Amino acid sequence: MALYIGFDASTQSLTAVVVEVAGGERRIVFERTLTFDETLPHYGTKHGVLTSADGYTVVAPPVMWADALDRMMAILAASGIDLAAVRAVSGAAQQHGSVYMTNDGLSALEHLDPERAFAPQVAALLSRALSPVWLDCSTTAECRALTEAVGGDEALARLTGSRAYERFTAAQIRKFAWTEPEAYAQTARIHLVSSFMASLLAGREAPIDPGDASGMNLMDLAAKRWSAKAAAATAPDLESRLPVIADSWTQAGELSHYWQRRYGFGAARVIAWTGDNPSSLIGLGLHAPGQLAVSLGTSDTVFGPIAEPAPDPDGAGHVFGSPAGGYMALTCFANGSLARERVRDDYGLDWSRFSAAMRRAPVGNLGALMLPWFVPEITPRVEHAGVRRLNLDPQDPEKNVRAVVEAQAMSMRLHSRWIVERVETIRATGGAAANEDLLQVIADVFDAEVVTLPTTNAAALGAAIRACHGDRLASGDPVTWDDAVAGFTDPAPGPPIYPSAANVVIYAGLIRDYERFERESITG
Ligand code: XUL
């Protein structure tokens with residue numbers, strides 16, 4: 001019997017999933033989430049981040065993520081799990097965020113003292129106390145400069161898989177290098193959240209995998225190497241400050257002395273971490289092009305495996321590396337659960353009353369529409385936040401609740417056509433995938449069945465599966481991806497959520513009105 005741990009360091013929380021593999025028997029034996037705002041309130045975050053007054057600059061303390069990791073390891077150690085049976089650990093993290101380390105910090109990684117508290121020791125490794133995260137949208141000027149230097153939007157998308165995006169790491173690094181040149185000069189290495197967390201576990205620098213590196217606007221997507229051109233266009237001497245890129249199944253090391261001594265773990269393998277969306281691809285068992293998933297988390301994302309790294313012709317989507325090799329396509333919406341929560345709170349509801357209110361409003365909302373841009377939107381690109389309503393009374397809770405959910409589903413459909421035009425089945429994950437009313441709207445808008453898995457933590461499950469896959473490879477007993485996911489990614493018991501023929505007809509009409517409303521609101 002072998003145990004594998006998968007972490008997900010997401011925007012608002014840290015999750016750990018432990019899976020047991022005993023021959024063909026596979027099961028999840030532990031699942032726990034620590035929410036940053038509640039578990040670690042002294043970092044002062046709201047929804048896991050610190051947002052400037054104008055709403056554009058969004059950062060988080062990397063020490064908070066490290067602190068959460070330490071607490072989770074303590075919980076795991078006290079949980080009764082047989083630590084000696086843990087053969088490997090891996091993880092997933094919110095994409096694009098960057099962590100800045102000093103030269104001394106890099107050498108100190110392997111000497112973290114198990115007798116002393118973790119967080120202050122980690123603070124001493126950094127040249128920048130706060131990390132920009134994916135919700136940041138303060139770098140429009142940097143995006144323009146990068147695009148121009150690389151030869152335009154299309155050239156950058158062909159090279160790196162995406163046009164320049166404010167939250168992507170290149171724009172963030174450029175802003176830091178130009179506005180804080182002294183701190184940049186003190187920075188020996190710039191990690192992603194994923195590779196930083198893996199480095200903390202291994203007590204030595206971990207590589208960045210192609211899945212997460214492709215969210216930086218810095219990797220040559222076809223070659224899976226840093227692009228000298230993109231790096232030079234971003235900041236002085238950047239290439240020497242970037243970790244190596246290595247396959248997602250690379251062993252980064254073993255759990256360091258700190259974890260072994262402080263909590264009694266063995267020398268389990270640390271497999272490279274990846275981004276949360278690429279990890280969810282594995283945790284949902286998607287490897288064949290033509291499949292589609294939605295992840296309903298802080299951000300909403302729609303993604304699926306693709307055969308060739310062809311960028312989105314509209315420019316809104318991204319091509320990332322897949323942790324199984326190959327590529328995946330993804331479209332990201334910033335107004336995911338944050339928008340749903342805002343509507344819930346604006347009308348003084350809880351989740352069950354939110355669902356009940358939605359059920360009372362007619363499907364299609366009699367044509368009432370909302371553009372739920374509570375924060376600047378990534379897809380479609382909306383620089384200035386602001387909710388727009390059409391034929392929708394702001395005082396009507398039922399219609400507003402239905403409007404936010406319908407808008408999100410229609411936007412997902414419209415902006416995922418470049419990934420796959422039509423699918424029969426969609427796999428749903430993320431916290432809101434527990435809400436069947438919401439999944440019904442997705443089924444009706446996409447005219448597709450929606451299935452969920454027994455866990456809504458696909459990113460953490462994907463990490464645990466990747467830990468197993470990497471461990472088997474490193475032990476000289478490799479498994480195929482089909483075998484690695486088998487038994488973990490079967491749909492939850494019970495029937496899928498079927499689209500209703502009558503509702504499909506309603507949304508086929510409404511989506512045209514929605515598309516027009518969206519287009520007109522962006523252009524003018
Ligand atoms: C993807 C993106 C978000 C974060 C959230 O491009 O920005 O989905 O990964 O954790």
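In which helix is S521 found? In this predicted model, S521 belongs to helix α20, which spans residues 501-523.

**View 1. S521 in helix α20.** The relative accessibility of S521 is 17%, so this residue counts as buried, the cut-off for buried being under 20%. When neighbours within four places in sequence are set aside, the contacts of S521 are L371, W373 and R388.

**View 2. The residues around the ligand.** The ligand is surrounded by 13 residues. The closest of these are H96, R167, D276, N277 and S299.

**View 3. Side-chain polar atoms at the oxygen atoms of the ligand.** For D276, a polar side-chain atom is placed 2.4 Å from a ligand oxygen. For R167, an N or O atom of the side chain lies 2.8 Å from an oxygen atom of the ligand. S299 likewise has a polar side-chain atom, 2.8 Å from a ligand oxygen. On its own the ligand has 290 Å² of accessible area, and the protein covers 97% of this area.

View 4. Two or more residues of the shell around the ligand come from each of the elements α13 and β18. Helix α13 covers residues 276-283, and strand β18 covers residues 327-333.

Key
Residues numbered from 1 in each chain as written. Predicted model: local features only at pLDDT ≥ 70, side-chain atom pairs only at ≥ 80, totals over all residues. Heavy atoms only, no water. Helix = DSSP H or I, 4+ residues; strand = E, 2+ residues; numbered from the N terminus. Buried < 20%, exposed > 50% of the residue type's maximum accessible area, 1.4 Å probe, protein only. Contact = heavy atoms within 4.5 Å. Near = heavy atom within 4 Å. Polar contact = N/O pair within 3.5 Å; in protein donor to acceptor, adjacent residues only side chain to side chain. Areas by Shrake-Rupley, 256 points an atom, 1.4 Å probe, with all protein chains shown as cover.
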